[in-house]
Amino acid sequence: MYWPFGRRFLIGLIPALVMLGFSGKTFAQTDCADPEVTLKIASEEFEKGHFFSVPEMVIACVTKGGFSRQQLERVYVLLVQTYLILEDQANAEAYYLKLLQVNPEYEAQLGREPVDLVYLSKRFTATPIFSWYATAGTSFVLPKVIVNNFTVNNSNQKYSLGFGWQFGGGIIWHQSDRLSADVSVSFLSQSYLLKESNFFNNDEIQLTERLNSLSIPVTFSYMLTKNKKYKPYVGTGVTINYLVGANQNISLQNRTPLFDTNNDQVGFTSQQLSRNLQVRDRREPLNFQIHVTAGLKYKYKLNYFFAEVTYGLGLINVVKRNTLIDNGKGNNTSTVPSFSLAHVDDYFSLNNAQINMGFIKPLYKPRKLKSAKTKRVTRELNKQS
Amino acid sequence: MKIKSCYFILWLLLTATSCFEDSQLKQDQQNFFVRYLGSDGNQTAVDFELLEDGNLVILYNSETENGEKDFYLTKFSQDGIEIWTQNLGNPSRAEVAKDVIEIPGNAGGYGFAIGFDVVSSPTSNAMAVLITSPDGNKAKEAVAAFTGFDDRLKSVTYNPSDGGLIVTGNTRIVTQTGSRIQSVISRLRPIADSNFGFYAQNEPWGRVDFGGGAEEDVIALFVNNNVTGNDAFHWFMTTNEAGNGTNDFNFYTAALDNAGLVSNGTILPNETADDTNDYLNFVLKEPDSPTPNLYSLIGTNTIGNSSKVQVIKIDFGNIVSNPSAPQNRRLINIPGNYKGIGLSKIPGGYWVLAEKQVETVGELVANIGLVKVNDLFEPIDNVRDLQSEFNVNPIKILSNANQKVFVLSTAALGNQQKVQIIKLNRQGQFSE
């Protein structure tokens, strides 16, 4: 009879069959009903050196389900360790990827895990390439006057902050652990106030303008610390705002001094002339800003909450030049107040401050690195030896 | 690093663009603006002039809530910056300013002569002239009264032949059948004075009286620099003709001799239809004309409720031939109702300032109409209507050497009136 295997094969087969006999006995003792029991038995088998039995025991149970994320993490760590001992590199890597899917932040550490697992972990990462986020907050805008287009000499102009708000969402691209770039789209509603006094001596102009925009900030951020629960960061970038609507409420208070019989002024009589004007056509549709931001990310499970403060510096004049005094075809009184209310907009850019809070969902991506980051491990091992 | 470089380049580009834009924006104020002058109460525009130093001087009246009347003189740069403002009213009486001119002083420099009325009662006015120093401070005052009954000053003219002033206006004379308005002139001779180097002394001089029921409304007087005999002065007014008993108003010109007496008068144009009236509003002596006494007259032709801008050009006493206009008269063809207010010469033509009558919620509202015409007064561009929901009454138009256009108006802001000065570019627009 022809026997295709050699003598060496037979010598190796004997201990394998012995081990299989043991494992067969043990495997028969778990029916996957209790994942914790399965894990305990598998760990015991691993400790006893019954490495071949471990994968069969746990893989079948994992397939059946019922494991928590934490239990799964322990299962995959056990499997990776088993396959490393069995010198099955392919399966060790495959299960390490599964391990990272369960816990993207898992990282084997010297002293806690075997050296070969630590080395293996340095060949993988699950750091996100992209994250998405949602944000909302308040906004305060203040015009920065470039040219004062006054209509009355020596009047006193005072701009003040108006309350605004915004909400939106975006995507973060993580270039490295510290550097990232993000782009978002937000709906931004902001307003400012103008009070012009000493207008014809005692009169006053009061103006409130609300600007609604689609805002697209592109920000480059730098994380100040790594791997901590609280992650402060700073950033800078460019914002493009597309104006979708602008409304101006303007009133001219005609105030006449009142005098008593001693010719002392006792107050004013006042008549108000006010208009509500749609002024989008008198504003540049695109507005560009550079901004700086500082914030703090707080890690919650695998996601983040964040709070940040952003200051945007307007780069361009937002008031259209050819509709400053009239609508280009004559003074259209429904949009231009230069003749009816003696008001001409200043040329100004918009600086704003925003306080935002939001939620970041990292899109973890377990993957094998092109080059393993093992130098540090080797250095530490050398130090220990 | 590539991303950082891109960001830096983008930031650099945006910053450079914004700096370039800022410098352009700052120039806009030199090119166009709208400004208002005024204080408590109502202020109405009267007159403005471009000065020898390139600035503007603006004269306006003010009436407080209590009915007190006085007037102000403001010096303005061509960029719309106020240089000074002087309140020249006399608090002990009511005054209404009518005209301002820049006059040379003996000590060098220029001052201003302001013609105004002293109002004693609604029918009791006296004409007066105020002389100021170059910074607008009151220096001298002279009364140029005629009857003192209802004298109303219209214009003040500097007379270079003697350094004095000629005041023209209207006065009311009482007749057996009632009263009527006559046009009058008064000569104010200079007297050397150490204070400002100029003093005016009243010397009532001459008048136009067509007799009958005729009334006149004088508009302007010019000195004929080339002739001093029977053609020493050129006088312009509206009259309902010499005693023909009609209400047909026309432009009228008169040459005056050295004694201020009428030597030659002409009705312009010579049409007599009772229902067609022509009211003169402004006379422009053509600058830099080869013909020394070339004038362009602008006013309003009225037929019923219809108003049209009427213009006519004359080499004094002779209508300049204009074959396209019947009777040598031209109505500027702009759809709608427009009154002729002012003219300003620009190369190849004129800016015409008109008052547009706009019907708003059943009310007629006056607004500014601007139209560019050629030398034959044919429109070469569409009319520019500068609309407001309230009255904006245009008063005068000027253009500077750079052909920038200035318009003086009285603008209503709700229930108050203020003085409005606008500057437009050479296309008559608020943009570059």
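A: Angles under 35 degrees count as roughly parallel, over 145 as roughly antiparallel, 65 to 115 as roughly perpendicular and the rest as oblique. The angles run from 0 to 180 degrees between N-to-C directions, and the axes are lines fitted to C-alpha atoms, for helices over the stretch in contact. This is a predicted model, in which local features need pLDDT of at least 70 and side-chain atom pairs count only at pLDDT 80 or more, while totals for chains, interfaces and linings use all residues. Residues are numbered from 1 along each chain as its sequence is written, with chains lettered from A and ligands numbered from 1 in the order in which they are written.

Q: OK, at what angle do α4 and α5 of chain A pack?
A: Helix α4 (residues 69-85) and helix α5 (residues 89-102) of chain A pack at about 165 degrees, with their axes 8 Å apart, and they are therefore roughly antiparallel to each other. Helices here are DSSP runs of H or I with at least four residues, strands are runs of E with at least two, and both are numbered from the N terminus.

Q: And which residues meet there?
A: Among those in α4(A) are A:L72, A:Y76, A:V80 and A:Y83, and the α5(A) side includes A:A92, A:Y95 and A:L99, where contact means C-beta atoms, placed from the backbone, within 7 Å. The residues of this contact divide into 12 nonpolar, 1 polar and 3 charged; Ala, Val, Leu, Ile, Met, Phe, Trp, Tyr, Cys and Pro count as nonpolar, Asp, Glu, Lys and Arg as charged, and the others, Gly among them, as polar.

Q: Switching topic, how many residues of chain A are in contact with chain B?
A: There are 39 residues of chain A in contact with 39 residues of chain B. On the chain A side, β2, β6, β7 and β8 each give two or more residues, and β6(A) gives the most, with 5 residues. By class, that side has 21 nonpolar, 16 polar and 2 charged residues.

Q: What about domains in chain A?
A: Chain A is divided into domain 1 (15-127) and domain 2 (130-363), with bounds that come from an automatic or database domain assignment. Their centres, taken over C-alpha atoms, are separated by 58 Å.

Q: Now chain B: what is the strand order in the sheet with β24?
A: That open sheet of 4 strands runs β23-β24-β25-β26 in chain B, with antiparallel pairing, and two strands pair if DSSP finds at least two bridges between them. β23 (338-346) and β26 (384-386) of chain B stand at the edges with a single partner strand each, so one side of each is left without a neighbour in the sheet. Neighbouring strands are turned by 25 degrees against each other on average, direction ignored.

Q: How many bridges join β24 to β25?
A: In chain B, 12 bridges join β24 (residues 349-360) to β25 (residues 363-374), and B:A354 stands opposite B:G369 in β25(B).

Q: Where are the hairpins around β11?
A: β10(B) and β11(B) form a hairpin with 4 residues between them, and B:G163 in the turn has a positive phi of about 75 degrees. These two strands run antiparallel with 7 bridges, B:T157 standing opposite B:I166. Another hairpin joins β11(B) to β12(B) through 2 residues, and 11 bridges join that pair.

Notes:
Two residues are in contact if their C-beta atoms, placed from the backbone, lie within 7 Å.
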